[in-house]
Amino acid sequence: MPTVEIDPDELRELTGHEDKDDDELRADLFALGLEYEGATDDGEFELEFAPDRLDRLSVEGVARSLRYQYGDDRGVYRPNTNDAEWTIHVDADVPAERPYVTGAVVRGLDMDESALESLIQLQEKLHATMGRQRAKGAIGVHDLTMLKGQVGASGGEDTPEEEADPRTETAPAGGKSIRYTGIGRTDDRFVPLEANDDMTPEEVLAAHPTGQTYADLVEEYERMPAIYDDVGLFSFPPVINGRRTEVTTDSRDLFIEMTGTDQWTVDHMLSIVCYALDARGGRVEEVTVSYDDDASGDYAGRDLVRPDFSTKTKTVAHADVESMLGIDLDGEDVVDLLERAGLDATVEGAGEGGPGTSGTAPGATDDLAYEVEVPPYRVDVLHPVDVVDDIGRAYGFNELDPRYPDVSTVGGRHERSRLERATRETLAGLGYEDLLNFHLISEAANYDRLGVEPGSDVLGGGEAPTIQEPYSEDYEVVRTWALPSVLLVLENNTHRTYPQDLAEVGFAAERDDSLPTKVAERQTVAAALARNDASYEDAKARLQALCRAFDADLETPPTSHPTFVDGRTAEVVIDGESVGVIGEVHPRVLVEYDLELPVAAFEFDLDALR
């Protein structure tokens with residue numbers, strides 16, 4: 001899961017609860033679904049959170065949720081906005097692959113070091129999640145004082161027509177404008193961030209570290225996305241901003257622009273950023289986005305006023321609330337809980353008695369429903385069930401009394417589940433720490449980083465089921481084997497002490513067109529020893545002990561696998577059937593994962609132990 005780093009002192013200040021100690025804060029955060037993963041060297045909390053709550057990617061968003069939890073804030077909050085002074089003109093030369101843009105101005109910020117770091121972290125985390133590593137949406141934040149907008153006719157700075165830059169356009173009377181356009185790879189020059197010399201877009205992609213990282217995003221573009229003010233080029237989205245408009249701790253007024261492949265995505269990313277800056281005392285100012293009549297995309301010829309802080313509504317039946325949560329509530333209770341979750345609600349179906357009555361029987365709730373208003377930063381609320389989840393969190397899931405379902409039988413553990421549990425317990429007895437990783441993984445992590453060719457016959461080489469619209473490039477496919485997930489844990493644990501002996505009993509899948517579902521699912525066992533003396537013999541000894549515990553016969557004939565060292569690799573044959581591989585991880589793979597000591601590992605199908 002994604003993690004964010006939060007300064008507990010800053011969190012106390014933003015919530016207004018400076019009397020809370022660290023233990024109390026951690027407990028309150030856990031009640032929100034934010035798990036404490038440890039502390040940084042600077043004492044900041046490392047918090048793991050569900051990736052649907054993107055509004056909690058910053059300390060400001062976490063503080064907002066805590067204030068609702070504490071009862072200090074209630075209902076939907078929408079920042080006040082000033083009328084638009086600035087316009088973003090979108091012309092017909094904008095690359096059709098990235099036609100959409102949005103923007104806002106935020107004034108009056110006290111951009112100290114902590115506020116700047118929080119903004120940068122929010123920008124990076126939104127890029128990694130909702131923006132899909134800038135492919136779907138990219139954020140540019142600029143120091144407004146360094147921008148010079150083209151001023152309209154009544155603004156007193158008329159530009160002679162013969163001297164006007166064709167990449168700018170006169171703003172509405174009294175306003176200022178910038179332009180989102182497209183240029184050739186060598187048509188113009190600017191000084192990018194973290195550089196001292198001016199460069200063309202082509203030079204940025206070839207020579208600048210950030211340009212090299214994101215060059216693949218614009219590799220197929222005939223024209224490069226570019227944003228101009230009256231001085232010249234200052235942003236090359238989605239790659240890098242210009243140094244001229246760099247935001248520092250001295251910045252007080254910001255111009256935020258976002259470009260992307262989908263208007264909804266960039267608009268909601270903008271809402272999350274604006275809410276965070278509003279919490280810092282910033283005053284949000286609208287920006288007009290004016291699409292040329294011949295612009296690409298769905299908004300040609302239209303003017304949009306952004307940021308869009310409009311809310312959406314969901315209708316939730318009272319019966320569904322009680323059924324899903326398993327508790328009895330009246331209408332007033334539900335409205336109260338919704339307001340404490342940062343939502344607003346009106347009651348439908350109530351009689352003259354008001355919330356909690358049906359008009360025929362006081363206190364009856366059979367016909368009650370709630371029209372729930374959802375703020376713009378809550379991109380996770382897609383279904384009434386999401387609203388019920390918020391009601392449950394506001395009530396407190398720890399306050400729910402567990403009870404058996406009202407059925408005539410009591411469930412038991414499935415045979416497969418018993419096998420998984422016995423395998424985990426045996427591995428723990430052999431010294432392994434049990435892991436529980438996501439079944440989704442990136443295609444590179446599943447194949448490339450371990451040297452496995454997609455579609456090959458080796459373990460893990462099967463065709464992975466792909467996710468059509470992954471929210472992040474880290475979760476593109478269903479993994480075909482579990483060892484990549486184990487190695488990712490080792491990669492993230494290089495700062496922890498060794499030895500690290502890790503194991504996972506988990507899910508894997510491959511494409512199989514012969515099956516009705518087109519996917520072959522299986523449970524797999526993966527284990528790795530990371531220690532200075534790890535060897536093939538160490539891994540085999542533990543595998544033998546595991547098989548012996550299940551009265552299974554083990555053979556290990558030599559084989560080869562691109563993830564392991566030749567001559568130190570063998571098939572895992574259990575009861576005469578080839579079910580996996582064991583060996584010493586290849587040095588090339590160790591370098592890929594920044595591991596500085598040997599790793600011996602094995603993986604095989606769990607069903608072989610039946």
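Predicted model: local features only at pLDDT ≥ 70, side-chain atom pairs only at ≥ 80, totals over all residues.
1. Gly429 counts as exposed, because its relative accessibility is 66% and the cut-off for exposed is over 50%. Gly429 sits in helix H11, residues 415–429.

2. Now helix H3, residues 59–70. The helix has 12 residues. From first C-alpha to last, H3 reaches 16 Å, close to the 16 Å expected at 1.5 Å a residue.

3. Is H3 enclosed or open? H3 is largely enclosed by the rest of the structure, because 10 of its 12 residues are buried. The buried residues are Val59, Glu60, Gly61, Val62, Ala63, Arg64, Ser65, Leu66, Tyr68 and Tyr70.

4. What covers the buried residues of H3? The cover includes strand S1 (3–6) and several helices, among them H1 (8–15), H2 (22–31) and H4 (113–128). Helices H7 (263–279) and H9 (331–340) also belong to the cover.

5. Val4 and Ile6 form its covered face. Thr3 and Glu5 form the uncovered one. In a regular strand, side chains alternate between the two faces of the sheet.

6. Which strand is S1 joined to by 4 bridges? The partner is strand S3, residues 45–48, and the two run antiparallel. Within this pairing, Thr3 stands opposite Glu48 of S3.

Definitions and conventions. Residues numbered from 1 in each chain as written. Heavy atoms only, no water. Expected span 1.5 Å × (residues − 1). Buried < 20%, exposed > 50% of the residue type's maximum accessible area, 1.4 Å probe, protein only. Contact = heavy atoms within 4.5 Å. Pairing = 2+ DSSP bridges.
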